[in-house]
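This briefing concerns aromatic pairing and nonpolar packing in the structure shown below.

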Amino acid sequence: MNRGEKGMGMFVINGGNKLHGSLFVKGAKNSMLPIMAASVLNSSDETINLYNIPDIYDMHVMKKILQSLGAEVHFENNALQINVRNLKSYNISDDLMREMRSSIFLMGPLLSKLGKVRVTYPGGCSIGPRPIDLHFKGLEAMGAVIREENGAITASAPRLIGTEIHLDYPSVGATENLMMTAVLAKGKTVIHNAAKEPEIVDLQNFLNAMGARIRGAGTETLRIDGVKDLGDCSYKIIPDRIVAGTYLMAAAITGSNLLVKGIIPAHLDAVVAKMREAGVVIQAADDSLEVIQSNLKAVETLRTLPYPGFPTDLQPQMMALLTLAKGDSTIIESVFEARFKHVDELNRLCANITVDGRTAFVRGVNKLFGAEVDTTDLRAGAALILAGLAAEGTTVIKNIQHIDRGYERIENDLKKVGADIERVQMLK
Ligand code: EPZ
């Protein structure tokens, strides 16, 4: 049980083991977080039930935030019960805001429900500045008045009015925040250049199950007809395509045959295409993908893009894979400004990567060698695990609390399929 403790732990990995068997992937972190925030919009006294919920650190943070606002939130056996009948506060504490950027998802729901919200700037992180200007522009277009003073942001809106919004960039968070703002606004809202990620579709389906009237999620144009109020529902969230991709790449980098199941293969089309280009033989079935064998070869160019392009959240893991491919690969990170913090750490394992701005040049090497490395962010940590599984000797990965944000006890899954990995909890 994660219990939301931020332990300063380490993973100790002895590389070289083949993986075998199968792994089941649980619900998507990036679907769960906006859906937990959207539960605030329930105006009934009834409880919302969410299923397929991963026991990860970010879920516990969002749970604490909702409880701090007056909601009753219970998590057990990968299910959440959320009741907001006593929700009364619109003020999210600074320390909780700093804990997790996704707390910004609460702006729309709280503004819709209480007409007011106070947050502080969400922590930037090591993948870039993470501005929220697109969120603000959309909220103001719907009638919110936003004031910023010494780091605190207060937004108020006696009445939110539907309107046409053109996003300058298909921002996932801005699309979700504005969708959650429009569902109770007066009249119609159209969001152009919306993000098309599967998590947007999941949020639309959840809100419609509560009684909202949204269509177009998964395309670049979202249409939302404001309704008077929203009720409770029971909902199962989609599987985590990034965890699935991480496990597929763990199989590929160790030259293993592994079945990854409980997933929606179509959500990984761009990832499977790129892995096949890199010499990985993958078979697809209805709810699973299987890595059969791998003969890794470089890919000329890997460019991260908004969905349905190759996801930025699998760029670090794919880079780890390509460090052992024959030949030279070029990786262009077009979504975030600074998502190469894992490069130095991979090079400590004797990879051969150089960076120029948003482009990384990966020269394939024959072997990686275990070393002590540091986790800078969630997906960088996942990349280091993959490299450690393949490296000769022992790899020690520090500050693994970043990894626990998005993976439910990843070491248990990997041990189950043959990896030699242990979690060592640092004494506080
Ligand atoms: C979501 O972050 C995900 N997080 C990220 O996953 C993911 O990498 C990202 O979408 C892109 O797919 C959650 O869903 C909780 P964006 P978000 O707004 O919403 C710029 C992980 O590892 N931008 O689509 O913050 C921004 O700077 C995390 O699970 C603005 O300029 O992503 C970035 O360059 C990491 N102004 C680009 O857009 C804004 O107002 C994409 O950001 C908002 C964003």
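**Aromatic pairs and nonpolar cores**

F136 counts as buried, at 8% relative accessibility (buried means under 20% relative accessible area, exposed over 50%, partly exposed in between, with a 1.4 Å probe and protein chains only). The model is predicted: local features need pLDDT of at least 70, side-chain atom pairs count only at pLDDT 80 or more, and totals for chains, interfaces and linings use all residues. Residues are numbered from 1 along each chain as its sequence is written, and side-chain values use heavy atoms, leaving out hydrogens and water.

Aromatic pairs

- The count comes to two aromatic pairs (ring centres of Phe, Tyr and Trp, the last by its six-membered ring, within 6.5 Å; planes under 30 degrees apart are stacked, over 60 edge-to-face, the rest tilted).
- Y121 and F136 form a tilted pair, 6.4 Å centre to centre with 50° between the planes.
- Y121 is partly exposed, at 39% relative accessible area.
- The rings of F206 and Y235 are edge-to-face, because their centres are 5.6 Å apart and their planes stand at 75°.
- F206 is buried at 0% relative accessibility, and Y235 is buried at 13%.

Nonpolar cores

- The largest nonpolar core has 77 residues, and L50, F206 and L207 have the most contacts inside it (a core is a set of buried Ala, Val, Leu, Ile, Met, Phe, Trp, Tyr and Cys residues joined through side-chain atoms within 4.5 Å).
- A second, separate core of 70 residues includes V260, V272, I385 and I421.
- Leaving aside neighbours within four places in sequence, F206 is in contact (heavy atoms within 4.5 Å) with I35, A38, S39, I48, L50, C233 and Y235.
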